[in-house]
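Take a look at the sequence and the structure, then read on.

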Amino acid sequence: MSSASPSSPVTAAMLAIGDELLSGRTKDKNIGHLADVLTMSGIDLKEVRIVADDEPAIVEALNALRARYDYVFTSGGIGPTHDDITADAVSVAFNLPCEHDADALRILADMYRAREMEFTEARKRMARMPRGAQHIANPVSVAPGFIVENVYVMAGVPQVFQAMLDNVVPTLKTGAKMMSQSVTSQFGEGDIGTPLSEIQRAHPQTSIGSYPKYDGQRFSTEIVVRARDAHLLEAAARDVAAMIENIAKAKASSTFA
């Protein structure tokens, strides 16, 4: 895994493919896992799209994402059934022929032979990929994913997706890892919104998020400051803490006035 300059973050997008995701039949588990893994690796997941098993839609989304980000990770659509069309769509996006990969055929044939199962035409579909693609090893169910330029094509089954991702991550370039610090505010967003915006403007190299909570009686807010530089992080967090203290003093003064 190589590191990029801290001043140039490494970015990524995800394209989740499948009618079942959009119909609700399948609840996606891969987006959150990818986000966690990339964050730990110093890679910013900037965009996620979900598209149907529709070749033009996949091609359009893939071409937009791969031009905009350092990496694109896809999930779904590389199985043995007729609606598994991701390999075809990726081939179209890169203007490459989609064909049975000889090494993938051999890997799958050996596996089915060992299991004493017929290597059917449907199962051979899992060996199809754009010409010249590199394999992504699949230690769970053997059928490989594949890489074309900055696009990483992986299975939709969460266990397989995660195993493939484990093989991919060590090969990626990474940026400086994002650090975070939480500050708890006893005030709701209505009280902190304006001064918090001012703090964000004063610390442009940080990202400040506010997450409201309600305990059944009153609102509070968890404020999370994120930055790649520890000094910038600490400075912004100090200003957030000071803001909360100032709001508390102002409310106390008005109460006793």
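## The largest pocket

What volume does the largest pocket have? In this predicted model, the answer is about 570 Å³. There are 31 residues lining the largest pocket, and if you want to find its centre, look for G77, G79, A155, G156 and V157, which are the closest to it.

The largest share belongs to α7, with 3 residues.

Next comes the second largest pocket, at about 230 Å³. Its lining counts 13 residues, and T39, I43, D44, M178 and R226 sit closest to the centre. Two or more lining residues come from each of α2 (30–40), β3 (43–51) and β11 (179–185).

Of the elements around the second largest pocket, β3 gives the most, with 4 residues. Sorted by class, this lining holds 6 nonpolar, 3 polar and 4 charged residues.

## The sheet

Now for the strands. An open sheet is formed by 6 strands, and you can trace it in the order β3-β2-β4-β9-β8-β7, with mixed pairing. Which strands are at the edges? They are β3 and β7, each of which pairs on one side only. From one strand to the next, the twist averages 20 degrees.

At the β7 end, β7 and β8 run antiparallel and are joined by 3 bridges. One spot to look at is Q134, whose bridge partner in β8 is I147.

## Helices against the sheet

Two helices are worth a look here. Helix α4 (residues 86–94) lies across β2, β4, β8 and β9, and runs at about 5 degrees to β8. Helix α7 also packs on the sheet, where it touches β2, β4, β7, β8 and β9. The direction of α7 makes about 150 degrees with that of β9.

Which residues of α7 are buried? They are V160, F161, A163, M164, L165 and V168. Their cover includes the strands β2 (10–17), β4 (71–75), β7 (134–136), β8 (145–148) and β9 (151–154), along with helix α2.

Note on methods: Residues numbered from 1 in each chain as written. Predicted model: local features only at pLDDT ≥ 70, side-chain atom pairs only at ≥ 80, totals over all residues. Heavy atoms only, no water. 1 Å grid on protein atoms, 1.4 Å probe; cavity = no way out; pocket = protein on both sides within 12 Å on 5 of 7 lines; lining within 4 Å. Points joined across faces, edges and corners; volume = space filled by probe spheres on them. Nonpolar A, V, L, I, M, F, W, Y, C, P; charged D, E, K, R; others polar. Buried < 20%, exposed > 50% of the residue type's maximum accessible area, 1.4 Å probe, protein only. Contact = heavy atoms within 4.5 Å. Pairing = 2+ DSSP bridges. Axes fitted to C-alpha atoms, helices over the stretch in contact; angles between N-to-C directions.
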